[in-house]
Amino acid sequence: MAGSGDKGSELPLQEYLQAAVQVALDAGQIIREALRIEKRVQTKSSAADLVTETDQLVEKLIISTLHTKFPSHRFIAEESVAAGDKCILTDDPTWIIDPIDGTCNFVHGNPVVAVSIGLAVNKELELGIIYNCVKEKLYTGRRGHGAFCNGEKLQASKQQDISKALILTELGSIREPTAVRMLFNNMEKLISVQAHGIRIIGSAALDLCHVATGDVEAFYQFGLHCWDMAAAAVIVREAGGILIDTAGGPLDLMSRRVVAAGTSQLAQRIARELEPVAYERDDSTEEAIDSQSK
């Protein structure tokens with residue numbers, strides 16, 4: 001177990017980790033089998049915010065499996081929230097789940113998809129499990145115990161210079177013209193300060209895993225959700241990386257914005273270039289999305 005300073009030290013976190021790994025592998029098998037078949041697709045908040053029967057099936061599998069093993073635990077899950085569940089993080093052990101991160105990719109048969117399962121205790125992220133089910137890469141992290149991919153320890157890049165950085169981002173599903181323009185303005189700003197390049201792969205969870213492995217130097221996004229980054233945040237931190245708010249302060253899991261990098265210097269440098277794009281918080285009771293600049 002972790003040292004005495006670990007808030008989750010009295011909990012069987014290794015048991016939780018093993019259970020989440022097994023259900024992620026089971027979910028990944030379902031996703032692999034469904035990837036190439038015709039899908040029934042529905043939309044949620046916009047024409048680009050997609051959900052399939054497989055998303056819903058996988059989410060039910062994960063929640064039911066973990067609830068059976070740990071009946072006192074709470075859940076925040078993408079499709080359940082879309083169906084009306086509240087997105088509220090309490091001190092209770094809470095699983096934060098994205099059944100298929102990269103649903104748009106999944107709909108088109110693009111294999112860049114992943115299962116993402118995080119666990120928070122006392123509002124502190126303790127465990128992260130992300131399964132790239134097509135490439136069969138299992139990323140795991142436990143606070144204070146390191147991050148791994150298929151058992152190999154991960155180490156984020158130590159690059160501090162933005163002019164030597166490859167940066168990942170995502171557009172998200174919003175298509176409101178002002179917000180879209182600001183998203184592209186931010187890309188232009190980073191290119192203008194001579195970043196090596198900006199890439200979009202369609203999965204925030206896997207973007208963050210690339211930061212943890214050192215394949216890229218950084219990731220930023222406005223408009224993602226807590227289930228997109230909860231598991232990955234543990235993995236990035238345990239690989240020696242850092243996650244901050246886009247304004248440069250500490251990460252707020254419910255704020256729907258993040259900068260992640262291998263070093264604090266690079267994360268802060270990127271944050272200084274970004275024009276804010278405001279989204280309604282995940283834990284807000286308001287319905288509307290404010291896509292105007294703060």
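Helix H5 has 16 residues, which at 1.5 Å a residue should span 22 Å, and its end C-alpha atoms are 22 Å apart, in agreement with that value; the expected span is 1.5 Å times one less than the number of residues. Helices (H or I, at least four residues) and strands (E, at least two) are DSSP runs numbered from the N terminus. The model is predicted, with local features requiring pLDDT of at least 70 and side-chain atom pairs pLDDT 80 or more, whereas totals for chains, interfaces and linings use all residues. Residues are numbered from 1 along each chain as its sequence is written, and side-chain values use heavy atoms, without hydrogens and water.

Just after H5, Gln194 adopts a positive phi of about 75°.

The structure holds one cavity of 30 Å³ or more. A cavity is a set of points on a 1 Å grid over the protein atoms alone where a 1.4 Å probe fits but cannot get out, and lining residues have an atom within 4 Å of a point. The largest cavity is lined by Thr169, Glu170, Leu171, Leu183, Asn186, Met187, Tyr220, Gln221 and Phe222. Helix H5 (177-192) and strand E12 (218-222) are the elements that give two or more residues to this lining.

Key:
On a 1 Å grid over the protein atoms alone, a cavity is a set of points where a 1.4 Å probe fits but cannot get out, and a pocket is an open set with protein on both sides within 12 Å along at least five of seven lines; lining residues have an atom within 4 Å of a point. Grid points are joined across faces, edges and corners, and a volume is the space filled by probe spheres set on the points.
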